[in-house]
Amino acid sequence: MTLSKGTRIVVGMSGGVDSSVAAALLQDQGYEVTGVMLRLWSDPGTLNRCCAPDALVEARRVAGQLEIPFYTMDAQDAFYQAVVQPFINGYAKGITPNPCLQCNRMIRWQFLLSRAQALGAEIIATGHYAKIQQSADGVYQLLMNPDPEKDQSYFLHILTQENLSRTVFPLADYSKKEVRQLARDYSLPVAERPDSQDLCFVGQGDYRNFLKQTDPSLFKPGPIRDTEGNIKGKHTGLAAYTIGQRKGLGISGVEPYYVVEKDIQENTLVIGYKNFPGRDVFFTEQNNWISGTTPETPFKAGVKIRYKSRVVPATITPLPDNQAKINLSSRLPDITPGQAAVFYQDQICLGGGIIRLEES
Amino acid sequence: MSTIYLDYAATTPVDERVVAAMQPYFLNTFGNPSSLHRFGQQAEFALEESRRILAENLGASPLEIIFTSCGSESDNLALRGTAFARREKVGANHILISPIEHPAIQATADQLAAVYGFEVSYLPVDQFGFVDVKTLKNYLREDTALVSVMAANNEIGTLNPIHDIGEICKENDIPFHTDAVQYAAHLNIDVSKTQVDLISLGAHKFYGPKGVGALYVRTGTELIPVLTGGSQEYGLRAATENVPLIVGMAKAFQLVREEGQTRLDHLLPLRDKIINFVLSEIPASQLTGGQHQSRLPNHASFVFEGADGNLLVQVLDAAGFACSSGSACKTGDPKPSSVLTHLGFPPEWALGSLRVTLGKDTSEKEIDQFLAILPESVQRARKANK
């Protein structure tokens, strides 16, 4: 996509180093930049870390220094409906939802794009570490950032052609180290601000306290059994556990136990040893194909089952209703329903879907 | 970014003549008015001249003018000062205000209630924001410390019948305060004809500098000071007087009196042009506050059903026009204005508020440009909100 100089671009700003540098880079490239900070919902009595008062002050300082207009917009209701409620519902269903995916889809894109349009901007930008390019036939592609520690394409696999055609990622090829250096070069006051954490809306404690206060019925104690079927102890409620978790089980074995399954029907937590073989077949639903076209035949691709996991070779078989069957080349112990499986061919992110263990 | 300013109720630029009047008091006549020497005497002369000018233009005596740092401080001094003095003197324990006061009154009354045990009650207002004079008497009590009703509302422009309210308070021997910060920027108050005991003024609403205000205190109205220390301002407000800003305020206030009619003649048709256009051209729109003669001459305020008022202000800013949604809100908090809610507007209307306020130098061409983009901007603020 080539944009002419002076194009109005709305940058989603968080007061952090990434979005601040994104704004500065775009301004340097001659675009008419407007900063927008979205006010997101947070657990009552706590501050959402994405838009706490100090973050707001920082974003305003950056905007003031760059001499760009800066607006705060309220997205609390939309965020609650699109992100927080599904998060709670997900735990009630026994899965481990990934709220960042919904936030990107509904808030950082749909909501921000509609507001940007009202401000007369067709294009938005964010400080994400990923790259957009157009192939020869005009199709937009999403690519990994070369810095494997920072690549955020996993969280962006939900973007559509329409989204990508209206988005720029100024940090596309930069590493975090380079971005911090750019922030210093631009004398931005946020150069040394620490990276933000995920789960911005649950305050200081962890998500378990938030869920406990929101819906105590999620914490119904039940048995813990091992993969052989032996009862090993009691759990405090399935919502307090996630697959792959080791800490907090309170059960000793010949070696450490890990959570390998949450059986919501039986309200039972299943644990196993590290060498638990896991599985090599699972399914995805709510698939998004970034190209806009659902593949018709099985194909080989790399799969990432978590943000921080490595890419594993697999065969992807598309199924009706935006679903797919994934056959991994080797078993993985921590395939977690509710998280996303994201598909890659080399650096190109093809899309992905939400993990479920059985075919629907 | 905005290039045309239509938010004069928020603040105004300082008049060049005011800047010129202040100039000598920064570098040359910089003395402390309390000092005995020549430097001090010159500064004191400027201070007292300013007090005389302000008094003259209110029909008051210079002994009745206290300079403060802003309208909000004047409100604080009026409310706290009178409440405490009347409690001490006559055991007063009750404060009567309107429900659509500026936060400087509302929050001060809240604190007097929460921390000092005063009882606060509210006068009823109608859908336009007018206090009902006929029933006022029923709300006055033996232990009422004071009544405070703003002369002109900042959000909706409504002018209240302060003359009549003052008469009733006088008959009942209860001090009457009015926040005239918006009102006095346009309209005349003569305390020899209107029974007001305390009046708050702020200079930056009438082309004076920010950081200076005044409180008129009718002789015989007792106050306990809020800022204690030196004996400046008749012992009612300790602090070295900010001479340049006070000189600027007096000059700006004098200009309001001298040019008041010219400004009114300029503003009224422009204001009415906006109101008539909006009500006839933009569907699901309503004027908020008083009509015609009973609203500020530079003030047009609306609600648009189903629009996001904050977004509308941002859309207008991006299109080059600086307006307000009524009360300043930069944090993106979507609470509807308490004033509009109190007047009975449901949230889907109250959240879509817009305030357009004009200045003496606003041109008809600017208004035409503004009206040319307003319907589309409202449309955008409605669409994005869906």
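## Helix α2 of chain A

Helices (H or I, at least four residues) and strands (E, at least two) are DSSP runs, numbered from the N terminus. Helix α2 of chain A covers residues 53-66, and its 14 residues should span 20 Å at 1.5 Å a residue, which agrees with the 20 Å between its end C-alpha atoms. The expected span is 1.5 Å times one less than the number of residues. Just after α2(A), Glu67(A) has a positive phi of about 60 degrees.

## How to read this model

This is a predicted model, in which local features need pLDDT of at least 70 and side-chain atom pairs count only at pLDDT 80 or more, while totals for chains, interfaces and linings use all residues. Residues are numbered from 1 along each chain as its sequence is written, and chains are lettered from A and ligands numbered from 1 in the order in which they are written.

The model scores ipTM 0.85 and pTM 0.90. Chain B has a mean pLDDT of 95, with 97% of its residues at 70 or more; pLDDT is the predictor's confidence in each residue, from 0 to 100.

## Chain B as a whole

Chain B holds 12 helices and 12 strands. Its radius of gyration is 21 Å, close to the 21 Å of the globule rule for 386 residues, so chain B is as compact as a globular protein of that length. That radius is taken over C-alpha atoms, and the rule is 2.2 Å times the number of residues to the power 0.38. The C-alpha trace of chain B spans about 65 × 50 × 35 Å along its principal axes, and 51% of the 386 residues are buried.

## The largest nonpolar core

Which residues touch the most other members of the largest nonpolar core? They are Ile9(A) and Val21(A), in a core of 223 residues. The largest share of this core, 13 residues, comes from helix α8 (residues 243-281) of chain B. A nonpolar core is a set of buried Ala, Val, Leu, Ile, Met, Phe, Trp, Tyr and Cys residues joined through C-beta atoms within 7 Å.

## Three loop residues in chain B

Lys360(B) sits in the loop between β12 (353-357) and α12 (364-383), and counts as buried because it has 20 C-beta neighbours inside 10 Å. Leaving aside neighbours within four places in sequence, Lys360(B) is in contact with Arg263(B) and His266(B).

Asp173(B), not a glycine, has a positive phi of about 65 degrees and lies in the loop between α7 (162-171) and β6 (176-179). Is Asp173(B) buried or exposed? With 9 C-beta neighbours inside 10 Å, Asp173(B) counts as exposed. Glu233(B) also has a positive phi, near 50 degrees, but Glu233(B) is buried, with 22 other C-beta atoms within 10 Å.

Technical notes: A residue is buried if 20 or more other C-beta atoms lie within 10 Å of its own, exposed if 12 or fewer, and partly exposed in between; C-beta atoms are placed from the backbone. Two residues are in contact if their C-beta atoms, placed from the backbone, lie within 7 Å.
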